[in-house]
Amino acid sequence: PSENEIAELFDTIDPQAIALVRDALQRTLARELADEFFAIYNANQQPEYRVEHDAIGQRSLKNICLTYLAFSDAQLADKLVQTQYHQATNMTDALAALSAAVAAQLPCRDALLAAYDERWHQDGLVMDKWFVLQATSPAANVMRNVRQLLNHRSFTMSNPNRVRSLVGAFASANPAAFHAKDGSGYKFLVEMLTDLNTRNPQVAARMVEPLIRLKRYDEGRQAMMRQALEQLLELDKLSGDLYEKITRALNA
């Protein structure tokens with residue numbers, strides 16, 4: 001299950017604790033079942049790309065195994081992931097390898113991200129997947145990286161898909177980073193929503209969701225989230241949709 005799915009089991013959510021335990025469990029399973037994952041991975045290799053149900057299932061199973069293997073022996077994982085990425089004949093396998101490299105923070109991660117960027121930077125829809133991977137990275141510097149990607153050649157705040165894939169994915173699908181104890185994630189989202197309020201208020205209204213669930217967090221985070229919402233409430237010409245969601249959350 002994802003970190004967000006696990007969070008729903010708790011009355012008060014601790015995003016960092018969930019991320020740490022989930023990562024530890026994934027690494028333990030990867031280490032203890034490495035031989036089994038490797039055998040299944042090899043057994044489900046396909047000589048050519050096919051779209052039949054059994055082939056789709058094989059690719060899915062193979063790539064789940066690759067994800068776990070990425071968290072096992074680092075040297076083997078790095079070689080395995082690089083090989084799959086460079087030999088991939090379809091986007092599913094290429095993205096699975098790239099995702100594994102990012103999730104496990106393998107040595108090949110940056111090189112594969114750069115290779116993908118160089119090949120696909122002119123295809124916005126394909127780059128959306130790349131932005132999502134960057135935004136949901138467990139790396140300690142993910143917040144800084146997301147800010148830098150706002151200036152990427154393939155990114156624009158004027159395209160809702162780009163905004164959702166970078167800003168939206170960070171805020172909604174990287175809870176450990178978004179809910180950082182220093183409040184940097186909240187500050188970032190306020191900046192983005194301030195821009196979107198005039199540029200695309202409909203997108204802004206959808207993207208405020210992670211902030212309005214403040215009652216699910218500890219008092220310290222609640223205070224920072226409340227402050228962020230109050231800051232948005234003071235915007236000139238605040239859109240009606242944003243105003244409604246913010247006031248409802250603050251008055252709950």
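Modeller: Let's start with one term: a salt bridge is a side-chain nitrogen of Lys or Arg within 4 Å of a carboxyl oxygen of Asp or Glu. Keep in mind that this is a predicted model.

Biologist: Okay, what is the idea behind such pairs? And how many salt bridges does the structure hold?

Modeller: Side chains of opposite charge can pair when their charged atoms come close. The structure holds 16 salt bridges. Take arginine 199, which forms one with aspartate 195, with 2.6 Å between the closest N and O atoms.

Biologist: How far apart are arginine 199 and aspartate 195 in helix α12?

Modeller: The general idea comes from helix geometry. An α-helix has 3.6 residues a turn, so residues three or four places apart point the same way. In this case, arginine 199 and aspartate 195 are about one helical turn apart, because they sit four residues from each other in helix α12. As for the surface, arginine 199 is partly exposed, with a relative accessible area of 41%, and aspartate 195 is also partly exposed, at 27%.

Biologist: Which residue forms a salt bridge with glutamate 244?

Modeller: That's arginine 248, and the closest N and O atoms of the pair are 2.6 Å apart. Both residues belong to helix α16, four residues apart, which is about one turn of the helix. Glutamate 244 is partly exposed, with a relative accessible area of 43%.

Biologist: Which residues of α15 are buried?

Modeller: They are Arg221, Met225, Ala228, Leu229 and Leu232. These residues lie on the same side of α15, because they cover an arc of only 95 degrees around the axis. The face turned away from that buried side carries the exposed residues Glu219 and Gln227.

Biologist: What do the buried residues of α15 pack against?

Modeller: Their packing partners are α2 (15-32), α12 (184-199), α14 (209-212) and α16 (240-251).

Biologist: What happens at the start of α15?

Modeller: There, a side-chain oxygen of aspartate 218 comes to within 3.0 Å of the backbone nitrogen of glycine 220.

Biologist: Now single residues. Is glutamine 134 buried or exposed?

Modeller: The general idea is a cut-off: buried means under 20% relative accessible area. Glutamine 134 counts as buried, because its relative accessibility is 9%. You'll find it in helix α8 (residues 124-135). Its side chain makes a polar contact with the side chain of asparagine 145, at 3.0 Å. Leaving out residues up to four places away in sequence, glutamine 134 touches Leu113, Val142, Asn145 and Leu149.

Biologist: And where does aspartate 128 lie?

Modeller: Aspartate 128 lies in helix α8 and counts as buried at 11% relative accessibility. A polar contact of 2.5 Å links its side chain to that of arginine 162. With residues up to four places away in sequence not counted, aspartate 128 touches Asn161, Arg162 and Ser165.

Biologist: What does alanine 173 touch?

Modeller: Setting aside residues up to four places away in sequence, alanine 173 touches Asn4, Thr136 and Gly168. This alanine is in helix α10 (residues 160-173) and counts as partly exposed at 41% relative accessibility. Alanine 173 and tyrosine 243 are 70 residues apart in sequence, and their C-alpha atoms are 24 Å apart in space.

Biologist: Finally, what does the UniProt annotation cover?

Modeller: In an unreviewed entry, UniProt annotates residues 1-251 as "domain: Peptidase M1 alanyl aminopeptidase C-terminal". Over that range the chain is 72% helix and 0% strand, with the end C-alpha atoms 32 Å apart.

Definitions and conventions
Residues numbered from 1 in each chain as written. Predicted model: local features only at pLDDT ≥ 70, side-chain atom pairs only at ≥ 80, totals over all residues. Heavy atoms only, no water. Buried < 20%, exposed > 50% of the residue type's maximum accessible area, 1.4 Å probe, protein only. Helix = DSSP H or I, 4+ residues; strand = E, 2+ residues; numbered from the N terminus. Arc of directions from axis to C-beta. Contact = heavy atoms within 4.5 Å. Polar contact = N/O pair within 3.5 Å; in protein donor to acceptor, adjacent residues only side chain to side chain. UniProt positions renumbered as here; feature names shortened; annotations may be inferred.
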